[in-house]
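Subject: Structure handover

Hi,

Here is the structure for you to look through. Please open it beside this email.

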Amino acid sequence: MPHITSPAQIKEIMKENDLIFHKGLGQNFLFDANYLEAIADSGEVTKEDTVIEVGPGLGVLTTRLAERAKKVIAVEIDQNLVPVLKKLTADFENVEIINEDIMKTDIDALIKEEKSVKVVANLPYYITTPIIMKLLEGKYNIKSITVMIQKEVAERFVAKPGTKDYGAITLSINYYTNPKITLTVPPSAFIPPPKVHSSVITLKCKEPEVEVNDEEKMFKIIKAAFNQRRKTLVNALSSGFSHISKDEIKNIITSLGYNENVRGETLALEDFAKISNIF
Ligand code: SAM
């Protein structure tokens, strides 16, 4: 079978193989061919690329990626789906299926010597951010990550300073990547339909553009600033770093030219990098 294109087909395959949709594993399968093609297009996959797909499900996206890529490595946690998935993708010799939890997968071992690696996936929503952060913090040789995620989460990734969606995750995503939302998908494109709208976002991986002496320290500062986002940065940091006096923190912030009442939620990544470098 080349491609799945309808909810009826998915239902039939599930019934024939005694499968059920596991809500706890985020199993909302996309069936709309236009959206599936659009996700694969957003990933800008070419015959040079090895694609890692997280959560292939019944392979609706896998087959579309296989047509475009050199190779697709699809990592699926649900062992009941795997034999069916293997049958459904059997026409494509460039598909490798791995039955694993992506959070436990050794990504270096997957990538091996592959030169151009892209991640494309319709992610399980219960674990979206941990999966993305694992891929980014590991600093693997990955060019881009194109994923369907909950719309609200995508909006947080691209939020501007001072807005309600802006937070620690915005800064992490923008430290490692340039994010861009490419399309929005309604619940009706899935079976069963999820309760939320979805967006496809492409994260183009990059070398960080800010100079930071100690990344871990910068992210600790960012976390402390947003843990108490209604407080001034000075107050938030003096709660988060109780071994440093409030006066010392005030001196650091004002010596960099910021008002002592500045709030963390108005500062950009460059600001946090500057603060972190003298903190
Ligand atoms: N790719 C299919 C599609 O587009 O319809 C299925 C997407 S569905 C939203 C998410 C898939 O991720 C499910 O097949 C689910 O079993 C799988 N999954 C959930 N948690 C996972 C994990 N930790 N590691 C790998 N796959 C996982």
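Below is what was found in it, part by part.

First, the ground rules. This is a predicted model, where local features need pLDDT of at least 70, side-chain atom pairs count only at pLDDT 80 or more, and totals for chains, interfaces and linings use all residues. Residues are numbered from 1 along each chain as its sequence is written, and side-chain values use heavy atoms, with hydrogens and water left out.

The sheet

There is an open sheet of seven strands, in the order 4-3-2-5-6-9-7. Its pairing is mixed. (Helices, H or I of at least four residues, and strands, E of at least two, are DSSP runs numbered from the N terminus; two strands pair if DSSP finds at least two bridges between them.) Strand 4 (95–99) and strand 7 (177–185) stand at the edges. Each has a single partner strand, so one side of each is left without a neighbour in the sheet. On average, neighbouring strands are turned by 20 degrees against each other, direction ignored. (Axes are lines fitted to C-alpha atoms, for helices over the stretch in contact, and angles run from 0 to 180 degrees between N-to-C directions.)

Look at strand 5 (residues 117–122) and strand 6 (residues 144–150). They pair in the parallel sense over five bridges. Val120 stands opposite Thr146 in strand 6.

Helices on the sheet

Helix 2 (residues 33–42) packs on the sheet. It touches strand 5, strand 6, strand 7 and strand 9 (198–205). (Contact means heavy atoms within 4.5 Å.) The direction of helix 2 makes about 170 degrees with that of strand 7. Helix 8 (residues 168–176) lies across strand 7 and strand 9. It runs at about 115 degrees to strand 7.

Helix 2 also carries one end of a salt bridge. Glu37 in helix 2 is linked with Arg68 in helix 3 (residues 62–68), 31 residues apart in the chain. The closest N and O atoms of Glu37 and Arg68 are 2.9 Å apart. The count of salt bridges comes to 15. (A salt bridge is a side-chain nitrogen of Lys or Arg within 4 Å of a carboxyl oxygen of Asp or Glu.)

Helix against helix

Helix 9 (residues 215–227) packs on helix 10 (residues 233–240) at about 115 degrees, with axes 8 Å apart. Helix 9 and helix 10 are therefore roughly perpendicular. (Angles under 35 degrees count as roughly parallel, over 145 as roughly antiparallel, 65 to 115 as roughly perpendicular and the rest as oblique.) The crossing is right-handed. (That is, the near helix is turned clockwise from the far one by less than a right angle; anticlockwise is left-handed.) Ile221, Ala224 and Ala225 of helix 9 meet Leu233, Ala236, Leu237 and Gly240 of helix 10. By class, this contact has six nonpolar residues, one polar and no charged. (Ala, Val, Leu, Ile, Met, Phe, Trp, Tyr, Cys and Pro count as nonpolar, Asp, Glu, Lys and Arg as charged, and the others, Gly among them, as polar.)

Helix 10 also packs on helix 11 (residues 246–255), at about 135 degrees and with axes 9 Å apart. That makes helix 10 oblique to helix 11. This crossing is right-handed too. Residues of helix 10 in the contact include Leu233 and Leu237. Their partners in helix 11 include Ile249 and Ile253. The contact has five nonpolar, two polar and two charged residues.

Helix 9 packs on helix 12 (residues 269–278) at about 115 degrees, with axes 9 Å apart. The crossing is right-handed. Among the residues in contact are Met218 and Phe226 of helix 9 and Phe272 of helix 12. The classes are eight nonpolar, one polar and one charged.

Backbone points

A cis peptide bond joins Ile191 and Pro192, with omega about -15 degrees. Pro192 is in the loop between strand 8 (190–191) and strand 9. Glu44 is not a glycine, although its phi is positive, about 45 degrees. Glu44 lies in the loop between helix 2 and strand 2 (50–54).

Best wishes
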